[in-house]
Amino acid sequence: MTDPVSSIRNLGPASDASFARAGIHTAEELRELGADEAYRRLLASGSRPHFIGYYAMVMGLQGRPWNDCKGKEKDSLRARFDALKAEAEVKRPSEDKMEVILDQIGIRAP
């Protein structure tokens, strides 16, 4: 039997569905990919970037509670998260970028 993604500390049942959309179906697959590659896949599959979700996953993969992340370690994880988010933004299809711009200025096509 394989353990679900949600068997990793800090990741709940909703994580199973999000990671499955990204092609990650087990805790072992997530551990093998590592935090950054798994998060790249989450973003590529349409998940919205969320810093707390990212560092909770990183902490969970280390067997630590999510709120154990503080100080310089948290700053370092923020820099990694921002880089992953920027990378995903560059790879996002142009029609998605247009919707983001329209949302930013308060206009959305019907």
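User: In which hand does α3 pass α4, left or right?

Analyst: Bear in mind that this is a predicted model. Helix α3 covers residues 35-44 and helix α4 residues 51-61, and they pack with their axes 10 Å apart, at an angle of about 145°. As for the hand, the crossing of α3 past α4 is right-handed.

User: Which residues of α4 make that contact, and how many charged residues does the contact have by class?

Analyst: On the α3 side you'll find A35, D36, A38 and Y39, and they meet Y54, M57, V58 and L61 of α4. By class, the contact has 7 nonpolar residues and no polar ones, and the charged count is 1.

User: Why does the pair of Y55 and W66 count as tilted?

Analyst: Y55 is in helix α4, while W66 is in the loop between α4 and α5, 11 residues apart. Their ring centres are 6.5 Å apart. Stacked would need planes under 30 degrees apart and edge-to-face over 60. The planes here are at 35°, so the pair is tilted.

User: Which residue lies over the face of F51?

Analyst: F51 belongs to a cluster linked by ring pairs, along with Y39, Y54, Y55, W66 and F81. At 4.7 Å from the F51 ring centre, the residue over its face is R78.

Notes. Residues numbered from 1 in each chain as written. Predicted model: local features only at pLDDT ≥ 70, side-chain atom pairs only at ≥ 80, totals over all residues. Heavy atoms only, no water. Axes fitted to C-alpha atoms, helices over the stretch in contact; angles between N-to-C directions. Helix = DSSP H or I, 4+ residues; strand = E, 2+ residues; numbered from the N terminus. Left-handed = near helix turned anticlockwise from the far one by under 90°. Contact = heavy atoms within 4.5 Å. Nonpolar A, V, L, I, M, F, W, Y, C, P; charged D, E, K, R; others polar. Phe/Tyr/Trp six-rings, centres within 6.5 Å; stacked < 30°, edge-to-face > 60°. Lys NZ or Arg CZ within 6 Å of the ring centre and 35° of its normal.
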